Amino acid sequence: MSNPPASPRRRGAARTEELLRVTLDLAAESGYAGLSIEAVSRRAGVGKHTIYRRWPSKAALLLDALNRVWTSDLDYRDTGDIHADLREQFIRSGSALSRPPIGPVYRAVIAEAQADSALRATLHERFLATVERSTLDRITRAQATGELVADANLEFAAEVLCGTLYYRSLLSTRPIDETAIDGLLDMFMAAYGTTGR
């Protein structure tokens with residue numbers, strides 16, 4: 001007995017995943033400037049209209065591809081220990097920012113965004129804001145459970161936590177290693193932790 005055909009929704013989800021994967025592969029090979037909707041359609045074996053139905057531009061397509069990898073691979077865990085959870089996630093983030101597919105593609109998009117204000121705004125909305133929001137959500141939960149001081153506004157802390165990693169990745173020759181992560185978290189916990197207060 002043959003299997004029933006996949007539903008249109010399932011076929012559509014599989015096609016979307018394939019297009020996102022092809023986009024990351026091509027961006028890693030040729031950078032943002034060398035990426036095009038035409039190249040993605042050729043590599044994936046689909047018409048350009050199939051891509052434009054889902055994404056209005058190559059920037060939207062590439063940022064969706066980056067965001068998909070980031071959110072699936074680098075979500076925060078919640079073990080009830082904020083220091084351990086931040087440390088574990090930052091080690092994974094540092095590794096991801098240092099290697100394909102995220103590292104080289106993200107650096108290429110950042111470089112292009114300096115001369116393209118629309119891309120810069122989209123990059124912030126679709127990628128950076130997502131990372132900051134995820135960090136803020138995790139430390140806010142820690143605040144609610146009493147691990148962090150109750151009266152602190154943590155929005156700036158989330159920006160500094162994330163920004164330090166991105167600064168090292170994009171502008172510095174220094175690695176995002178465990179020594180750097182531990183130093184950052186020591187400062188964060190000294191400023192906001194409740195242990196020892």
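Which residues does Ile139 touch, not counting residues up to four places away in sequence? In this predicted model, where local features need pLDDT of at least 70, side-chain atom pairs count only at pLDDT 80 or more, and totals for chains, interfaces and linings use all residues, Ile139 touches (heavy atoms within 4.5 Å) Ile82, Leu86, Leu148, Leu154, Ala157, Ala158, Leu161 and Phe188. Residues are numbered from 1 along each chain as its sequence is written, and side-chain values use heavy atoms, with hydrogens and water left out.

Ile139 is also among the residues with the most contacts inside the largest nonpolar core, together with Leu66, Phe90, Tyr106 and Val109. This core has 58 residues; the term denotes buried Ala, Val, Leu, Ile, Met, Phe, Trp, Tyr and Cys residues joined through side-chain atoms within 4.5 Å, buried being under 20% relative accessible area, exposed over 50% and partly exposed in between (1.4 Å probe, protein chains only). Elements giving two or more residues to the core include α1 (8–34), α5 (82–97) and α7 (117–144), helices being DSSP runs of H or I with at least four residues, numbered from the N terminus. The largest share, nine residues, comes from α4.

The axes of α5 and α7, lines fitted to C-alpha atoms over the stretch in contact, with angles from 0 to 180 degrees between N-to-C directions, come within 10 Å and cross at roughly 170 degrees. The pair is therefore roughly antiparallel, a label for angles over 145 degrees. Ile82, Asp85 and Leu86 of α5 meet Arg138, Ile139 and Ala142 of α7 in this contact.

Turning to the loop between α8 and α9, Thr173 is found there and counts as exposed because its relative accessibility is 83%.

Terms used:
Parallel < 35°, antiparallel > 145°, perpendicular 65-115°, else oblique.
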